[in-house]
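Please open the structure in the viewer and keep the selection tool ready.

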Amino acid sequence: MEVKTLSAAFIALSSTMMLSCTPEYDREKPLIQANSKNFGLSSTSEILLTSEAGDKMSVMANHTFISEAASGTQIVIQPDVVKQTISGIGTSFTESSAFVLAHLPVEKRHEVMNKLYADTGANFSLTRTPIGSTDFSIEGKLGYAEVEGDSALKHFTIAPDSDGFSKAKYAGIQDESFDVLPMIHEAMAIKAKQDDGTLNIIASAWTAPPWMKDIDTWFIKGTKENNWEGTGGKLKPEYVSTYADYLVKYLEHYKEAGVDIWGLTPVNEPHGNSGNWESMHFTAETQNTFIKDFLGPKLKESAFADTRVLIYDQNRDHLEHWTDVILGDPDTAPYVYGSAVHWYSSTVDVYEDVMDRVHNTFPDFAIIHTEGTIDDLGKPAPNGILDPVKFQESGWFNNDEFWWNENATDWAYTATWAPNPENHPIYTPVHRYARDIIVSLNHWMAGWVDWNAVLDSNGGPNHAGNFCGAPIMIDVESGDVYYTPIYDVLAQFSKTIRPGDKAVQADTLLDGLDSDALHASASINSDNLLSVQLLNTTKQPIAYDLVIGAQHSAITIPANAVQTVRVQL
């Protein structure tokens with residue numbers, strides 16, 4: 001990605017030119033207030049560091065502010081340029097996560113869950129859970145309406161989410177009762193014991209039950225016979241309304257189980273996944289009709305009128321067409337809260353230009369990242385991969401070095417059949433996460449959710465063979481729990497970027513550094529505590545001036561590190 005280096009001329013801009021969050025905001029002309037308002041700062045309040053050198057949310061020495069002119073590399077924060085409201089940072093509940101945690105003794109599981117959801121741990125506040133099965137289900141092909149033709153959904157049940165896992169069937173299970181719904185209940189119980197108890201849950205269906213779809217099955221894999229054109233199918237016209245009822249039924253049953261669902265996406269990845277696991281296709285046009293004529297009115301007439309509907313739920317590069325069609329329809333837009341996006345169209349590009357254009361066109365709608373992970377972890381290279389050795393990763397478990405260096409590849413790395421293989425180079429996992437979150441917050445992203453909270457040491461289980469990384473990985477045989485550097489980075493962001501905080505303008509003057517060397521974003525809470533997030537992707541420390549109004553503080557971010565600088569205004 002490209003970070004623009006700003007000329008010193010911008011610094012002379014008067015504070016009278018400061019803008020709040022408006023559709024007219026223009027990233028090509030950033031406004032930097034560096035010499036007008038004096039916030040009366042004496043020192044930073046707290047500096048946290050996570051680094052390749054071994055720091056894990058370590059507390060560093062504070063730095064003083066002075067009123068002399070800043071120079072060199074600068075991070076310029078404008079606390080008065082307030083942008084989007086943040087809904088949280090977090091990770092996801094999946095059947096695979098629950099299955100892995102069920103292998104731990106109960107007390108050890110409680111320890112892991114507290115690391116995820118307690119304020120003494122990461123305190124994750126924005127989460128996601130599937131409606132039915134996904135690739136990260138143990139056996140897959142799982143739903144809540146198994147009786148074919150049951151249009152009234154009389155047999156609807158969420159029992160599969162709390163059935164648990166049999167010790168007789170799955171060797172090593174310690175708690176047969178633990179499952180997705182119990183995992184959510186345990187997280188909620190942790191939250192209930194603390195002052196900051198926010199747990200916003202987004203629910204996403206991968207597919208309708210097979211009998212509602214034109215393929216009459218969960219998915220059809222690509223084969224030579226179908227010219228490798230696998231599919232998840234689409235809704236039969238006679239069951240479009242029934243599928244909307246299915247989603248509302250899910251909300252009702254989860255409510256009865258004590259779980260309020262904060263947000264809902266009509267389907268995960270409506271473009272499909274070539275039939276490799278559960279999916280169901282929508283176009284922007286058919287999803288627009290579905291929301292406008294079915295889901296939106298049914299939610300409005302139900303007890304769930306306040307459930308936030310997020311459209312799309314796939315890669316950022318195609319977001320604009322979906323927002324133009326759906327948010328641009330005045331009859332549909334009132335039912336919609338915003339858009340959900342994923343990151344799999346590139347390992348390096350955040351698509352900030354896309355998010356800027358969508359925000360500028362539809363400023364009243366949120367953009368939330370609902371899924372991102374280190375995908376195809378350790379998978380052998382399929383045909384058409386030019387670098388099969390690096391395509392298949394190894395050595396990620398209990399090895400922080402793997403996560404802090406260029407060791408990860410994704411589904412399209414050196415693929416001759418990929419549409420844009422240049423967007424999928426080998427990458428550093430920590431950089432991908434931190435860069436994506438920091439840059440996204442600068443470009444109107446309101447929340448960011450990781451995929452599986454917990455996986456086994458292989459990156460599974462996964463019935464489709466699509467193994468992935470996770471913040472926490474556990475050897476289910478030995479019980480060894482590995483908190484990866486991704487956990488540390490996400491925890492640092494989550495603890496310092498809370499629901500209700502506001503993003504504020506942050507600009508980077510790189511003074512000759514590489515455009516990817518240093519990234520920064522900032523947010524402010526209701527107590528005027530400013531949190532500045534920084535990523536140094538280089539192997540050298542970077543000295544910079546943190547500029548806030550008429551003052552600055554000279555700070556250094558160590559090599560290959562994520563740093564949070566907090567300042568009480």
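The stops below concern a pair of helices and then the cavities.

This is a predicted model, in which local features need pLDDT of at least 70 and side-chain atom pairs count only at pLDDT 80 or more, while totals for chains, interfaces and linings use all residues. Residues are numbered from 1 along each chain as its sequence is written, and side-chain values use heavy atoms, with hydrogens and water left out.

**First stop: two helices.** Select residues 284-301, helix α5, and residues 319-326, helix α6; they pack at an angle of about 40 degrees, with axes 9 Å apart. Helices here are DSSP runs (H or I, at least four residues) numbered from the N terminus. Axes are lines fitted to C-alpha atoms over the stretch in contact, and angles run from 0 to 180 degrees between N-to-C directions. Now select A284, E285, Q287 and N288 in α5, which meet H321, W322, V325 and I326 in α6; contact means heavy atoms within 4.5 Å.

**Second stop: the cavities.** The structure holds two cavities of 30 Å³ or more. A cavity is a set of points on a 1 Å grid over the protein atoms alone where a 1.4 Å probe fits but cannot get out, and its lining residues have an atom within 4 Å of a point. A volume is the space filled by probe spheres set on the points.

Select E95, P130, G132, S133, T134, F136, S137, L142, P160, D161, D179 and V180, which line the largest cavity, with about 80 Å³ of space.

Finally, select W343, S346, T347, V348, D349, V350, R432, R435 and D436, the lining of the second largest cavity, which holds about 40 Å³.

Technical notes: On a 1 Å grid over the protein atoms alone, a cavity is a set of points where a 1.4 Å probe fits but cannot get out, and a pocket is an open set with protein on both sides within 12 Å along at least five of seven lines; lining residues have an atom within 4 Å of a point.
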